[in-house]
Amino acid sequence: MRIACIATSQIPSTTANSIQVMKVCQALALAAPDADVHLWVPGKNETPWEQLAGQYGVQAPFTIHWVPSQRAFRRYDLIWSAYRAARRWGADLFYTWLPQVALLALRDGCPAVLEVHDRPTGRIGPILFGQYFRQPGRKRTLVISHALRRALEERYRMRFPEAEIQIAPNGVDMDRYRDLPSPSEARAQLGLEERLTAVYSGHLYAGRGMSLLLGLAEAFPQVNFLWAGGQPDAVERWRGEARSRGLDNVRLTGFIENARLPLYQAAGEILLMPYERSIAGSSGGNSADICSPMKMFEYMAAGRAILSSDLPVIREVLNEDNAVLAPPEDLQAWVTALGGLLEDAERRKRLGEMARADVLEYTWDNRARKALAPFI
Amino acid sequence: MSNPTAAMKNSRSWLLAGAAGLLLAAVMMLLGRPAGFSAGTLLLSLAAVLGLYAAWRWAGAERALGWMMAAAFVLRLAAGLGLAMALPVHGYDVEPSRAGYLFPDAYERDTLAWELASSGQPVWKAFGDEMRVDQYGGLLALSAAVYRYLSPDLHRPALIILLAAAVSALGLAFFWKALVPGPGEPSGWSREAALFGGWLYALYPENVLLGGAQMREPFILGLSAAAFWAVRAWPESRRPAVISLIAGLAGLAVISSRVAVIVVAVLLLWFWLEHGRVPQTAARRALLVGAGVVFAAGLTYYGAGWLSEAAGWDAVLTERSSGWVQLIVDTVGDRFRVPVVTLIGLTQPMLPGALIEPAAPLARWLSILRGAGWYFLIPLLLYAPFAALTARPEDRRAALGLAAISLVWVVVASYRAGGDMWDNPRYRTHLMVWTALLAGWAWSQARARRSAWLVRWYGVIGIFLVVTLRWYLSRYTAWKSSLSLIEFLALTAGLSALLLAGGWGWDRRRSRTGLRRGSRSPARPE
């Protein structure tokens, strides 16, 4: 079986969407060992596989094609060139993040899987999504949260047929979280100071709760706060902010290769996810009510206690048994919650183990297997 | 004191119009699906015929206009009702066709309109549905209202066809009134231009097919004709013009806000062309240019993003459906994709393709008619700007402006919809009022000047058609003598250049000979 994946993510880059695309393609290759997986993305220059494997933490190779695309064409040149190349290649199944590609495939009688991570945007994107929806054919729509499914169904005033939809939150690659060192060992490996540590990993975009993290650092000077990730300019800005507040317990690492991220997460006794009520994604827009953050599954796989904002969409996965949930943007509540966790090692252990058990349901492999099941 | 004979005549003519309305209702009830008595059909038929009759009288009650309006109305109705009967039997095996709709959009909207009408929800719900369907908005609401109040028992798609045909034909009254001055009114464009343009409006196949369908275009045409008249009549009949302008633009905004914005822009330009003067001082000229730039910037901000995205998608669809386009883009390079698709869009609907490509007989005949209509119009549009450049000074500005409006719009439609042989010609009709006038004016100019250039442009288009026909024949028949892209272009361009250069040389020679012999000067050159 030939699976053609088409995405607009820039690869390589540090965006979450590019990581998700790479993880999905690897999972497809693993889920269907007989399948040949090719990915088409925009770009002019090829990047060696070794570099991608390190940056994205992927092992199973698949073929990537970079297709030149001009901004003026608003990616429609990529859509057509990639689609045409995939057709010529003899794709049996299109796996895409673009409703336009799924629509073309279905119109040509080819099965399609469409991943939907947000409400369709752009001027004609929403209309084309509506057309995709109404287009008959063998298709499967992967929606990352129940909340997003409801949002789409409400917006389009329709119901997804159950056989065609899969609620597919983002996932985790469990292999990378096997045999993680203890927090102390991880800190030693990373050359970090040996004391209780709370880790935040991911970008430092608006809505990620960075101010709240600084507030926590002020409230708990005895705890190290490790921020792993972020674009260089954002890292510099928050470093300056921490310095100006006289905080010496905040350490910002900058961008961390995905392959090394588990070690950084393992270095914390507590993993933090202080989303605000409005979250900016790498592609803009507010995703607080529909998102499925990859870091949530990575945190769970790390087997550490998670302290997260209590958002309805987060509750689709996290609950009081596998995490501590605190109201978003409420520093006092977070101080209380973190204080409770810091004092109770046994509780941290219990929460971490439960999270690790629960996350087995959310592996990339499982997700891919379910997505491909109707077509294999 | 009123003349009793005239009053009697007047009453009789209204009675006759009423009788025609009744006859139409009877025909509609016999031929419409479902057949049978319907009070709504009776009411709408009477309203349509009496409304058209009233409009005809208002526009001057000339016999030529009467024939034009009658032909437009009857042809549209016949096309709509005929296709609704023929398509389920002779059409393609796709849902819209099986249901008797030529245009998938019409099928989609009409089905939704009936759902909305029978749902008990308010009809204005139709305005909030862009996410679900792309056939949302005013026409959906109007159709739902018609079904709810005039046909609540059964879905009668013929009612919307009737309404569309009437509004489209009504536009002719405004078109005529704007161009042919009544007694005591200042002179307008030539009567010949109005006649030709009017008949083109009435008979142009794309207009006829759209006018007999549950589409936005017949309403856009009728409403923009009302606004067109308003601009023309502004100095003399200010109050009716204001009412007509507001009604036309409001209607357009409800039917299609995007088209309404375009029509407003065209009307502003049209107003200036018709009534404006070139400012005398540099400061005023700068002010005028500045205002134009600001308006254009606003228009670009409003529409450019949407236009380029939609154009991008349509370029994809064009390329997907045509190996010919793929070949050309592969040859010239990806970066020329949009210009190539736009150029190819200008050739749609492709007449030779319609003649040769395998298709069901009904679909073939429709394509042939649509292609023939477009290829009849192209030479007039090509000739018009040259005629405008050499027009009398007092006519030149308006003629050039008219040519610019029409030709730019043809290109924009082609950019927007590319090689889509349905959407692209459909978008062209949005400014059909101006295009028809331009074609009529070009025709009248060619005749007045006894110019051979219009014939030569027909020759150029003929060459293109013959060479393209040859390509289609080689592709679809046993005659294998295919031309490469370069050969195709070289042959078409070479023969066309020969014809045009030969014509130019011939005119010069004739002009010199004429001057030597002291005969009266030949027609003005183009």
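Predicted model: local features only at pLDDT ≥ 70, side-chain atom pairs only at ≥ 80, totals over all residues.
**Chain B**

DSSP assigns 22 helices and zero strands to chain B. The radius of gyration of this chain is 24 Å, close to the 24 Å that the globule rule gives for 526 residues, so chain B is as compact as a globular protein of that length. Along the principal axes, its C-alpha atoms fill a box of roughly 70 × 65 × 45 Å.

Of the 526 residues in chain B, 51% are buried. Among contacts in chain B with a separation of 6 or more, 74% join residues 24 or more positions apart. The accessible surface of chain B is about 24,000 Å², and carbon and sulfur atoms account for 69% of that surface. As for charge, chain B carries 48 positive and 30 negative side chains. The centres of these two sets lie 12 Å apart.

**Strand S12 of chain A**

Strand S12 of chain A runs over residues 305–309, and five of its five residues are buried. Buried here stands for under 20% relative accessible area. S12(A) pairs with S11(A), residues 270–273, and with S13(A), residues 324–326. The table lists both pairings, each with a pair of residues that face each other across the strands.

| Strand pair | Sense | Bridges | Residue pair |
|---|---|---|---|
| S12(A) and S13(A) | parallel | three bridges | A:Ser308 and A:Leu325 |

In a regular strand, side chains alternate between the two faces of the sheet.

Notes:
Residues numbered from 1 in each chain as written. Chains lettered and ligands numbered in written order. Heavy atoms only, no water. Helix = DSSP H or I, 4+ residues; strand = E, 2+ residues; numbered from the N terminus. Rg over C-alpha atoms; globule rule 2.2 N^0.38 Å. Buried < 20%, exposed > 50% of the residue type's maximum accessible area, 1.4 Å probe, protein only. Contact = heavy atoms within 4.5 Å. Areas by Shrake-Rupley, 256 points an atom, 1.4 Å probe, with all protein chains shown as cover. Lys, Arg positive; Asp, Glu negative; His and termini not counted. Charge placed at Lys NZ, Arg CZ, Asp CG, Glu CD. Pairing = 2+ DSSP bridges.
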